[in-house]
Amino acid sequence: MSTPYRIAVIEGDGIGPEITLATLNVLEKLRRRYNLNIDLVKVEVGDRALAKFGSAVPEESWKIIELSDAILKGPVGESAGDVVVKIRRGLDLYANIRPAKVYPGVRALRNNVDLVIVRENTEDVYVRAEYMLPEDVAVALRVISRRACRRISKIAFEIAHKRKKHLTVVHKANVLSLSDGLFRDAVYEMGRTMYPDVTVNEMYVDAAVMDLVRRPELFDVIVTTNLYGDILSDLAAYVTGSIGLAASANIGDNKAMFEPIHGAAFDIAGKGIANPAAMMLSLSWLFKWLGEKRGDHSMLIAGKEVENAVIATLSKGERLTPDLGGSSSTQEFTEAVISKISL
Ligand code: ATP
């Protein structure tokens with residue numbers, strides 16, 4: 001038998017354990033259906049790990065994460081920043097990819113949204129270099145390097161190439177002429193030299209937020225720096241309906257982590273009504289990513305099956321959780337998804 005896929009699972013906090021349980025039930029059905037060779041390991045990470053071991057990512061958990069092929073991560077509470085920075089930096093997951101799409105049967109602010117935001121994940125103000133000058137002046141460093149611009153551009157062009165071949169670079173180079181200028185120019189240069197069939201246009205970030213709401217059909221793939229990407233992607237998720245539907249990926253050259261974009265939602269934790277769709281779509285993406293990497297047809301099909309089953313359940317509109325206007329529980333939604341996966 002082939003080498004197993006080592007998948008580290010982080011349940012997270014708040015609704016994290018509920019939506020993880022639901023998603024692992026879907027995974028079990030697929031494992032049996034396609035005879036998938038998966039080695040799942042749950043790791044303690046997040047607020048509970050912090051309380052128990054004094055670290056949000058204890059050494060034991062880190063060793064397992066480091067050795068895994070991919071990570072499926074639920075939402076983490078207060079310690080989310082520490083966890084995400086540790087994993088992104090430690091594994092050099094430099095691209096944050098967030099699709100925003102309106103699914104059938106979901107009431108959205110705008111119906112014509114189908115885009116992907118590719119956000120640089122390692123630099124910008126997230127280098128967290130802030131200091132005080134005398135006289136009560138605070139300064140934050142913003143770092144943009146050509147190397148980071150080039151590798152994020154490559155990912156964005158690869159995605160754009162497989163879609164409508166249209167890439168928008170979002171920046172504010174009229175103010176930040178050196179740092180955002182470097183980012184913009186690196187994108188154009190890569191387009192000219194390596195992806196001449198992809199059309200590139202640019203937009204200031206203030207115009208982009210307006211058009212994401214006003215004319216979202218203008219966008220196919222957006223590439224942008226870390227901070228703008230953070231803000232744009234939350235807005236894009238909101239425009240598409242429930243935040244409970246949006247999955248995201250943090251991708252590096254060899255490893256990747258997949259997670260819902262929503263937080264731990266402590267307000268509904270333990271009530272059994274959380275929407276597990278974003279976590280299931282994260283699993284779908286993880287399967288597809290691993291399948292593509294190893295050229296494994298079964299994993300690719302399994303990934304597609306999860307996505308189709310979630311979309312079919314949403315389209316039917318019968319077993320929706322309260323965030324989507326329904327009255328079903330997490331478990332009822334999950335059973336509906338599982339029933340749509342072929343035997
Ligand atoms: P964070 O800062 O970690 O993003 P937050 O409290 O700002 O946390 P969320 O935890 O994502 O944001 O919650 C925002 C709102 O969306 C809450 O009312 C929450 O109940 C709801 N919500 C988030 N995720 C889900 C989900 N999967 N199912 C149902 N409701 C959700």
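Okay, let's start in the middle: the largest nonpolar core here has 71 residues. By nonpolar core I mean a set of buried Ala, Val, Leu, Ile, Met, Phe, Trp, Tyr and Cys residues joined through side-chain atoms within 4.5 Å. Buried is under 20% relative accessible area, exposed is over 50%, and partly exposed is in between, with a 1.4 Å probe and protein chains only. The residues with the most contacts inside this core are I7, L30, V118, L167, V223, F287 and L314.

Which helix gives the most to this core? That's α9, residues 277-294, with ten residues. Helices (H or I, at least four residues) and strands (E, at least two) are DSSP runs, numbered from the N terminus. The core also draws at least three residues from each of domain 1 (1-93 + 250-343) and domain 2 (109-239), with bounds from an automatic or database domain assignment. Apart from this core lies another one, of 16 residues, including M203 and L232.

A quick word on what you're looking at: this is a predicted model, where local features need pLDDT of at least 70 and side-chain atom pairs count only at pLDDT 80 or more, while totals for chains, interfaces and linings use all residues. Residues are numbered from 1 along each chain as its sequence is written, and side-chain values use heavy atoms, leaving out hydrogens and water.

Back to V118. Contact means heavy atoms within 4.5 Å. Leaving aside neighbours within four places in sequence, V118 is in contact with N96, I152, I155, A156, I159, V221, I222, V223 and T224.

Now helix α4, residues 80-90, where V83, V84, I87 and R88 are buried. They sit on the same side of α4 because they cover an arc of only 115° around the axis, taking the directions from the helix axis to the C-beta atoms.

Next, P276, in the loop between β12 (256-260) and α9. Is P276 buried or exposed? It counts as buried, at 0% relative accessibility. Not counting residues up to four places away in sequence, P276 touches I19, A22, T23, T330, F333 and T334.

Last topic: backbone angles. Most residues other than glycine have a negative phi. Just after α4, though, D92 takes a positive phi of about 50°. R128 has a positive phi too, near 55°; R128 is in the loop between β5 (114-120) and β6 (130-133) and is exposed, with a relative accessible area of 56%. And A265 has a positive phi of about 45°. A265 is in the loop between β12 and α9, and is partly exposed at 25%.
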